Amino acid sequence: MTLEELEQIASEARAAKEKSPCELNVCVAAGCLSLHSDAIKAALEKEVQSKGANCRVRGTGCMGLCSLGPLVSSEPEGVLLKKVAESDAAEIVANLDQGTPERLRCSKEQPFFQRQTSIVLENSGRVDPEKIEEYIAAEGYQALVQALTETTPAQIVQEVSKSGLRGRGGAGYPTGLKWGTVAKTGGATKYVICNADEGDPGAFMDRSVLESDPHRVLEGMLIAGYAVGASHGYIYVRAEYPLAIKRLGTAIRESRRLGFLGSQICNTKFSFDIEIRIGGGAFVCGEETALIASIEGRRGTPRPRPPFPAQSGLWDMPTLINNVETYANIPTILRRGGEWYASLGSKKSKGTKVFALCGKVKNVGLIEVPMGMTLRQIIFEIGGGVPEGRTFKAVQTGGPSGGCIPEQFLDLPVDYESLKEVGSIMGSGGMIVMDDSACMVNVARYFMEFCMSESCGKCIPCRAGTAQMFELLTRMTDGTATPHDLELLEELCEMVSSTSLCGLGQSAPNPVISTLRYFRDEYTEHIVQKRCRAGVCECGSVAEVSA
Amino acid sequence: MPTSLKKPPLPSDDKRWRIVNGTMRRHGFARDALIETLHTVQEYFGYLDKPALKFVAESLRVPLSQAYGVATFYHYFTLKPPGKHTCLVCLGTACYIKGASQLLAAAEQSLNIKAGETTIDGNVSLVSARCIGSCSMAPALIFDGETAANVTEPVLRGKLEGWKD
């Protein structure tokens with residue numbers, strides 16, 4: 001494959017599009033699919049056929065505003081249709097020329113769409129995730145072909161470093177630095193791993209990227225493989241994401257067919273292949289050394305670092321391990337340049353971040369915004385605020401390793417450092433909004449239960465500490481705790497976070513620490529007055545607000 | 001490593017064992033294919049029983065203790081046969097905030113079993129999940145593999161009622 005051949009495929013795909021510009025794009029990503037968008041697609045296809053309309057019906061990825069699904073977009077006008085039902089098919093197809101039915105229209109002028117900047121999600125909802133040609137038409141694989149034929153691996157690492165991209169899995173380690181380390185480590189065999197074990201409850205960014213634009217992740221991994229000198233890649237996906245696994249499988253087959261995967265890619269010496277490994281539903285496998293153990297077919301228990309995977313990872317070989325979203329950024333960075341990417345975002349956190357906005361917020365869905373946007377802009381402008389006349393209480397980021405951020409910090413710019421300062425973390429990108437019907441002690445207990453049952457049991461602070469903390473929090477929520485229990489809880493938080501082996505244990509106390517920091521009143525109310533102001537816990541007396 | 005070691009015979013003439021064998025062959029009977037193979041067994045048989053674990057362990061030359069360890073470590077694997085129907089309640093944060101624990105309690109009450117159990121008649125299994133990634137449709141449940149969005153208690157009870165008889 002040369003750049004000319006690539007351009008040939010792209011122009012053929014574009015020509016097909018120009019021939020029949022009228023398109024009905026039905027979202028067939030998990031969100032809309034569970035609302036039976038596949039049936040809507042079939043109904044539209046049938047209708048188009050019976051009416052003989054000159055219109056193509058396509059299945060595309062996520063369009064973002066999941067709470068108004070199933071979504072259909074009508075091209076070339078670019079009209080978005082919300083809450084479409086099978087029975088609407090006839091009306092939609094009949095009105096293709098005069099414009100789509102008013103009652104189904106969803107404005108794209110609203111802040112939800114206007115305030116976003118798409119890099120990772122630029123193709124989501126636009127290309128058919130099961131057709132490689134459409135990805136190519138959207139400039140896909142261009143970065144790869146250019147990288148292989150025109151640049152050296154060192155130049156790529158340099159470009160990625162220049163972009164300032166940091167690991168999107170949560171910890172925010174500079175990607176360029178990581179690539180550089182693996183590239184410099186000697187060894188004939190190296191591996192590239194894509195961490196798609198999106199275990200944080202309340203996060204579905206990676207799922208959506210894999211379902212909507214899988215080739216972007218493959219291209220990112222291929223470029224990474226070339227840059228660090230690896231010839232084999234693994235994608236570790238959760239078993240809970242069957243659709244993502246299926247689409248990835250299709251993408252890998254298609255990619256092999258066109259020679260992007262395999263040996264001597266683009267007539268160069270570079271060979272690379274990718275294999276899917278399916279996870280077993282263990283949260284700890286998001287930790288890199290545990291994930292590696294799992295790919296090796298063992299129980300997913302972490303090991304102490306160093307040595308880091310960059311030096312000794314999968315089968316003791318140098319291994320590059322990045323998150324889905326990190327790889328998804330790479331093709332665009334190479335196409336548009338590291339400097340361009342670095343011009344987006346805040347001082348220390350460059351580029352954009354995809355968030356899964358959910359919980360008690362009006363516009364639930366997937367968003368991508370430049371780093372440094374404030375929480376208020378994200379939740380109240382893009383998210384449309386808290387529905388049903390309730391008031392905002394806190395936003396939870398970073399899953400079980402993160403914390404709850406209260407109202408006073410709503411004007412905080414979202415980046416790796418600022419979130420850490422207020423006791424939370426960026427995490428993989430779940431953002432769960434809570435209103436006054438949420439009890440913070442109960443939320444802390446919920447996350448502790450999660451960490452307790454997800455602890456792999458290898459080190460004692462995590463295995464026993466989380467269980468003890470859960471016990472203490474349970475006493476608080478059922479009204480049997482004493483003030484001494486609170487002291488003990490704080491002591492345990494300190495002990496577990498400083499002595500656990502891996503990130504899971506080290507961060508397990510975070511939800512408790514952050515809620516204690518901002519909502520200490522609620523803890524004392526539960527312990528002393530045996531009262532839950534949100535009315536969630538049954539700790540004795542009458543609730544003030546009913547849920 | 002000697003490659004001439006004899007592979008154990010298939011546990012029965014059930015055709016599904018050949019599919020399981022196929023997965024192992026595709027991975028060259030390498031030990032790291034353990035999890036992949038167990039996925040195949042569970043996909044086709046619904047659960048991992050003793051003969052299955054023994055067969056896979058012997059075929060891949062891993063100790064039975066390791067196969068058992070892996071099978072019990074990962075939540076996705078189950079050693080008990082599932083019911084005819086499965087009701088999965090997502091307990092991810094978004095679902096939890098929107099009342100998933102009340103839904104689970106309602107399901108437990110309606111079926112008279114706890115999460116992770118199967119009704120005595122083997123009709124319904126009730127499972128809870130950490131997060132199925134359908135946060136935009138919270139609370140979300142999966143009835144027999146089909147995701148249901150914004151589930152309410154009456155809908156849940158109605159569905160479970162419909163599975164009876």
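1. Axes here are lines fitted to C-alpha atoms, for helices over the stretch in contact, and angles run from 0 to 180 degrees between N-to-C directions. The model is predicted, and the remarks below should be read accordingly.

2. In chain A, helix α7 (residues 142–150) packs with helix α11 (residues 214–228) at an angle of about 10°, their axes being 9 Å apart. Because angles under 35 degrees count as roughly parallel, α7(A) is therefore roughly parallel to α11(A). The crossing of α7(A) past α11(A) is left-handed.

3. On the α7(A) side, the contact is made by Ala143(A), Leu144(A), Ala147(A) and Leu148(A); α11(A) contributes Glu219(A), Leu222(A), Ile223(A) and Tyr226(A). By class, seven residues of this contact are nonpolar, none is polar and one is charged.

4. Is helix α13 (residues 288–295) of chain A mostly covered or mostly uncovered? It is mostly covered, with eight of its eight residues buried. The buried residues of α13(A) include Glu288(A), Leu291(A), Ile292(A) and Ile295(A).

5. Within chain A, the buried residues of α13(A) pack against β6 (191–196), β7 (232–237), β8 (273–278) and β9 (319–323). Their partners also include α2 (34–45) of chain B. After α13(A) comes Gly297(A), with a positive phi near 85°.

6. As for the domain division, chain A comprises domain 1 (19–108), domain 2 (139–342), domain 3 (352–435) and domain 4 (440–529). The C-alpha centres of domain 1 and domain 4 of chain A are 47 Å apart.

Methods. Residues are numbered from 1 along each chain as its sequence is written. Chains are lettered from A and ligands numbered from 1 in the order in which they are written. This is a predicted model: local features need pLDDT of at least 70, side-chain atom pairs count only at pLDDT 80 or more; totals for chains, interfaces and linings use all residues. Domain bounds come from an automatic or database domain assignment. A residue is buried if 20 or more other C-beta atoms lie within 10 Å of its own, exposed if 12 or fewer, and partly exposed in between; C-beta atoms are placed from the backbone. Helices (H or I, at least four residues) and strands (E, at least two) are DSSP runs, numbered from the N terminus. Two residues are in contact if their C-beta atoms, placed from the backbone, lie within 7 Å. Angles under 35 degrees count as roughly parallel, over 145 as roughly antiparallel, 65 to 115 as roughly perpendicular and the rest as oblique. A crossing is left-handed if the near helix is turned anticlockwise from the far one by less than a right angle, and right-handed if clockwise. Ala, Val, Leu, Ile, Met, Phe, Trp, Tyr, Cys and Pro count as nonpolar, Asp, Glu, Lys and Arg as charged, and the others, Gly among them, as polar.
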